[in-house]
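Subject: Structure handover

Hi,

Here is the structure I promised to pass on. Please open it first, then read the notes below.

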Amino acid sequence: MPLIFQHGGAQSKRTWETTPDGREGFRNIFLRKGYGVYLVDQPRIGEAGLSTEAAGDKNPWAGNPLYADKTLFMLSRVGLYDGDTPHVFDNSAFPKDAESVNQFQRSRTCYTGELDNDVNADALAALFDKIGDGILVTHSMGGTIGWRTPFRTDKVKAIVAFEPGGTPFLFPEGEVPEAEVATFPLLGASAQAVPLEDFLKLTKIPIVLYYGDNIQKSAELIGPDKWYTELDMAKKFVAAVNRHGGDATLVELPKVGLKGNTHFLMGDLNNQELADLMAAWLKSKGLDK
């Protein structure tokens, strides 16, 4: 069964192709494991960048890119800045050489039109309807696109979500929980209500969420603090899926022996071990190859 890889916000399919230091990315790793692989660019970004809708004010990633390199670096829990100098966290699994940091920052990609999660989910559903049954793999802001896609097609047979967040987690109407408030409130997790009939479609497929390291409540460290709120909301989402009879699992990687992962965990130095962990989960669900 093929894997369909969906990137996160201000990124592209490059997320899955390689790593900041030039090692093999998840594309080749899973091809070697015998899986079919599809990489997609969201509508209005990357190689799908043609748009008939202006970006407008709804798109947080289309504005002035000034300081975007610092923002991406810190919010992704790679490390901190000392003035204009980036420093990777000492315990990080991110490659620490300057060129890897340079290549990571160059991965930021601007949208050419309005950021619309439902348009993106429509596009993914159309892809699944064309290729047939598959496993959806999402990252970051792509997480909410993943939650929405099974509402539109029955071809999604599982979801693997790498640090979903930055866009709303979905809950049944009347069950939307309160969010933890981040030190900078605009960076905190969010939740959105959907009809129970739609939400129940998420209970018909296995779902796994993976979160990395350096996640903590902190007034000084904005990246770890932001992802503390996202992890808390992810736990509430998993509980809601399972409460309605679903099969959702949340894996905190430090607790299973994978240490130092950033928000871009699929590109960290231990990405082979992470891929093995994902492959083992797929096998446990009868979804290998």
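How many helices and strands does the chain have? The chain has nine helices and 10 strands. Helices (H or I, at least four residues) and strands (E, at least two) are DSSP runs, numbered from the N terminus.

Some ground rules. This is a predicted model, in which local features need pLDDT of at least 70, side-chain atom pairs count only at pLDDT 80 or more, and totals for chains, interfaces and linings use all residues. Residues are numbered from 1 along each chain as its sequence is written, and side-chain values use heavy atoms, with hydrogens and water left out.

Overall shape

Along the principal axes, the C-alpha atoms fill a box of roughly 50 × 40 × 40 Å. Of the 289 residues, 54% count as buried. Buried means under 20% relative accessible area, exposed over 50%, partly exposed in between (1.4 Å probe, protein chains only).

Strand β5

Look next at β5 (residues 134-139). Six of its six residues are buried, so the strand is largely enclosed by the rest of the structure. Gly-134, Leu-136 and Thr-138 point one way from β5. Ile-135, Val-137 and His-139 point the other way. In a regular strand the side chains alternate between the two faces of the sheet.

β5 has parallel partners. Strand β1 (residues 3-6) joins β5 through four bridges, and Phe-5 stands opposite Val-137. Strand β6 (residues 156-162) pairs with β5 over six bridges. Here Leu-136 stands opposite Ile-159. From β5 the chain crosses through helix α6 (residues 142-148) to β6, in a right-handed β-α-β crossover. Two strands pair if DSSP finds at least two bridges between them. Right-handed means that, with the strands pointing away from the viewer, the path from the first strand over the helix to the second runs clockwise.

Leu-170

Leu-170 lies in strand β7 (residues 169-172). Is Leu-170 buried or exposed? Leu-170 is buried, at a relative accessible area of 0%. Leaving out residues up to four places away in sequence, Leu-170 touches Thr-144, Trp-147, Arg-148, Phe-151, Gln-192, Val-194, Phe-199 and Phe-237. A contact means heavy atoms within 4.5 Å.

Best wishes
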